[in-house]
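Colleague: Could you take me closely through one part of this model, setting out your criteria as you go?

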Amino acid sequence: MFATPESESFSQSSETIPSRAQPKIPVKYTRRLLFWYIHYKLRPPLHTPFYQDQPYIYPVYLDIPSPEIYLIAFLLGILTDAPLTVRHIFEDNHNWGAFRIVEKDNLRDVEINEVNKMLSCKDASRGFFTYLCEHCRTKLIVHFGCNSRICSNCGKNHTDKWARSLQNALFNVPHRHAVLTIPDALWPVVKNNRFLQKVLMDAAIVAINDTISYRHRGGRLRAGAIVVLHPFSKKMGFNPHLHILVTEGGFDKQDNFIHQKYIPFNAMRKTWQYQVLTSFKAALPKEAVYSVLINQLFKKYRKGFYVYLPKEARITNKKRIAKYVARYIRHPAVANTRLHRYDGKTVTFWYGDHDGTRHFVTMTVREFIQALIQHIPDRNFKMIRYYGAYSRRIKGRYSKHLQRSIKQATFDDFLKSPNKWAPTCPNCGEKMTFVYYEKGPPKENEVFGCKLPDWNHPMLSPSYN
Ligand SMILES: [Zn+2]
Ligand SMILES: [Zn+2]
Ligand SMILES: [Zn+2]
């Protein structure tokens with residue numbers, strides 16, 4: 001990815017391997033030892049703390065003509081499995097190409113586009129930034145991310161950025177996290193009528209305001225809620241449910257915040273059921289099959305639809321919110337870290353349940369691709385919506401409860417002072433200088449590059465490479 005002019009001058013370390021190759025060291029420790037050895041013992045003299053953040057430069061080590069190095073490289077090859085990625089599974093053996101041919105009549109355009117975007121993530125064809133270190137002449141090329149809805153690289157960047165911006169966007173009041181669910185009989189209805197996803201999200205705020213105003217005598221309160229749609233279950237099945245981050249209380253007519261420490265989420269179950277079923281009824285075509293189903297669901301769930309409060313449901317520390325959000329609220333259908341095994345025909349991944357036990361699920365490659373892409377939302381569909389006191393229209397009214405909102409950098413900002421976002425040199429740690437950027441041809445219908453975060457610039461996101 002980048003060339004270090006000093007590479008050739010790296011001197012070989014003449015130290016021998018510490019005699020630690022004891023037979024019964026678990027693989028985990030062996031690996032750690034090798035990592036330590038390579039990084040700290042054979043490390044080039046130009047080491048800086050920043051160096052560690054970069055990928056290993058194997059050729060440097062392999063050039064050194066010492067048998068122990070070959071041995072280490074060999075062991076490393078055996079002990080370190082290349083990490084499994086969603087992208088690899090799609091690319092390997094033309095899995096995606098084959099899937100496209102077989103399923104060509106059932107694929108949505110947005111599914112094809114998002115997968116193709118993911119497959120070109122960080123390709124030189126998408127464009128890149130070039131930086132130069134004026135200190136040691138190291139050149140660094142940083143590729144653009146794809147921002148595909150199913151790209152695990154870019155997904156993580158998005159989550160990190162969103163979580164950080166959330167710290168500033170939330171009111172200085174305690175918040176609650178709750179999960180609102182609908183019964184399984186409604187899942188296929190939502191899957192086949194995707195517009196119901198928004199109807200579902202809209203129903204949440206009405207139910208919340210009802211619940212929060214329930215005990216307040218001085219009129220209706222307006223809560224602020226951030227609603228995130230999860231279309232999937234942990235097993236990657238289609239199971240639409242909502243995660244809500246809601247103020248613990250609401251604003252009255254005088255714009256004062258009325259704190260309601262006790263939110264009767266259990267009592268909310270019936271309100272939630274009522275709001276979902278009546279708004280679905282209004283939104284669906286007037287067919288007997290739907291009205292029968294809706295009446296049945298009123299009768300069958302007399303206690304209302306299930307509302308679930310996760311363990312750390314009460315969030316009072318805004319600093320911890322970023323971590324919390326990444327863990328519970330915004331995560332991909334399956335993260336690369338949850339992929340366990342892929343043998344060319346089947347994929348095994350795991351999920352953890354409430355008490356932390358791991359469950360393994362095995363699917364054929366075709367089922368896996370199908371399961372993953374069904375969760376790609378329609379183009380321009382917003383998976384996160386801001387309601388009540390958080391809705392953009394009226395949020396300003398309550399600004400005294402806000403810290404400050406941060407303005408997102410635009411591409412124009414970048415052009416005015418490109419060095420503001422320059423990374424530090426991987427070699428010597430000096431701040432690098434922006435040289436130029438090259439942007440790939442715009443892909444069909446692609447809205448890309450008007451906001452700087454779209455470019456997945458390294459200084460705007462902690463995880464790159
Ligand atoms: Zn990407
Ligand atoms: Zn969820
Ligand atoms: Zn440098």
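Modeller: Buried here means under 20% relative accessible area, exposed over 50% and partly exposed in between, with a 1.4 Å probe and protein chains only. The model is predicted, with local features needing pLDDT of at least 70 and side-chain atom pairs 80 or more, while totals for chains, interfaces and linings use all residues. Residues are numbered from 1 along each chain, chains are lettered from A and ligands numbered from 1 as written, and side-chain values use heavy atoms, without hydrogens or water.

With helix 5, the packing angle of helix 13 is about 80° and the axes are 10 Å apart, the axes being lines fitted to C-alpha atoms over the stretch in contact and the angles running from 0 to 180 degrees between N-to-C directions. Helix 5 is therefore roughly perpendicular to helix 13, a term that covers 65 to 115 degrees. Helix 5 contributes N95, W96, F99 and V102 to this contact, and helix 13 contributes V365, R366, I369, Q370 and I373.

Elsewhere, H230 and H243 are both buried.

Methods: Helix = DSSP H or I, 4+ residues; strand = E, 2+ residues; numbered from the N terminus. Parallel < 35°, antiparallel > 145°, perpendicular 65-115°, else oblique. Contact = heavy atoms within 4.5 Å.
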